Amino acid sequence: MAAAASNPIATATVLMHRLPATNRAAVFSPLPIRPSLCSTTFKQLREKGRSSQLMVKASSSEESSLDANELFTDLKEKWDGLENKSTVLLYGGGAILGVWLASIVVSAVNSVPLLPKIMELVGLGYTGWFVYRYLLFKSSRKELATDVEELKKKISGAE
């Protein structure tokens, strides 16, 4: 026992044998002890009457179900009706390329230490300005609505 007292590791092993078996892992665990995420059991929930408040109803609605064959035939009809298929493919490829490049730029900006927080502040400031400029007062909401309608007409080609 005297040799064990001079060596701290030996002391820990000697003391470990005196502890009950359930406390050994808890005493020498590097992580803190956390309560389980689900501390109440199903039996406790049933006793409290909470399980009767949860009701699930399944319905079989024919309107909401999609038929895959119908979807593919509709897409095929629309694709066959297009005159400029190469233009659609070019725009689709450009959109995918644009999303990919935007993802690269955002990840590069995110890796700079202080820049993401500054961008968050800029976004928060712009959001505050937009709310003050367009959403706070009734006249400015009407102005925003007319601007949106004009933009819709320009995009759709009705103007």
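Q: To start, is K117 buried or exposed?
A: K117 counts as exposed, because its relative accessibility is 53%. Buried means under 20% relative accessible area, exposed over 50%, and partly exposed in between, with a 1.4 Å probe and protein chains only. This is a predicted model: local features need pLDDT of at least 70, side-chain atom pairs count only at pLDDT 80 or more, and totals for chains, interfaces and linings use all residues. Residues are numbered from 1 along each chain as its sequence is written, and side-chain values use heavy atoms, with hydrogens and water left out.

Q: What does the K117 side chain meet in a salt bridge?
A: The side chain of E120, at 4.0 Å from N to O. A salt bridge here is a side-chain nitrogen of Lys or Arg within 4 Å of a carboxyl oxygen of Asp or Glu. E120 is exposed too, with a relative accessible area of 52%.

Q: Where do K117 and E120 lie?
A: Both are in helix α7, residues 115–135, and they are 3 residues apart, about one turn of the helix. Helices are DSSP runs of H or I with at least four residues, strands are runs of E with at least two, and both are numbered from the N terminus.

Q: How many salt bridges turn up in the whole structure?
A: The search finds 4. One of them joins the side chains of K152 and E149, at 3.5 Å from N to O.

Q: Why are K152 and E149 about one helical turn apart?
A: Because they are 3 residues apart in helix α8. K152 is partly exposed, with a relative accessible area of 49%, and E149 is partly exposed at 42%.

Q: Which salt bridge does R133 make?
A: R133 pairs with E143 through their side chains, at 3.0 Å from N to O. This pair links distant parts of the chain, with R133 in helix α7 and E143 in helix α8, 10 residues apart. R133 counts as partly exposed at 31% relative accessibility, and E143 counts as partly exposed at 32%.

Q: Switching to packing: at what angle do α7 and α8 pack?
A: About 95°, with their axes 6 Å apart. The two helices are therefore roughly perpendicular to each other. Axes are lines fitted to C-alpha atoms, for helices over the stretch in contact, and angles run from 0 to 180 degrees between N-to-C directions. Under 35 degrees counts as roughly parallel, over 145 as roughly antiparallel, 65 to 115 as roughly perpendicular, and the rest as oblique.

Q: Which residues meet there?
A: From α7, F130, R133, Y134 and L135; from α8, S140, R141, E143, L144 and D147. They divide into 4 nonpolar, 1 polar and 4 charged. Ala, Val, Leu, Ile, Met, Phe, Trp, Tyr, Cys and Pro count as nonpolar, Asp, Glu, Lys and Arg as charged, and the others, Gly among them, as polar.

Q: What about S140, buried or exposed?
A: S140 is buried, with a relative accessible area of 5%. S140 is found in helix α8, residues 138–156. Leaving aside neighbours within four places in sequence, S140 is in contact with R133, Y134 and L135, where contact means heavy atoms within 4.5 Å.

Q: And for the chain overall, how many helices and strands?
A: There are 8 helices and 0 strands. Of the 159 residues, 3% count as buried.

Q: What share of the contacts joins residues at least 24 apart?
A: The share is 0%, among contacts between residues at least 6 apart in sequence.
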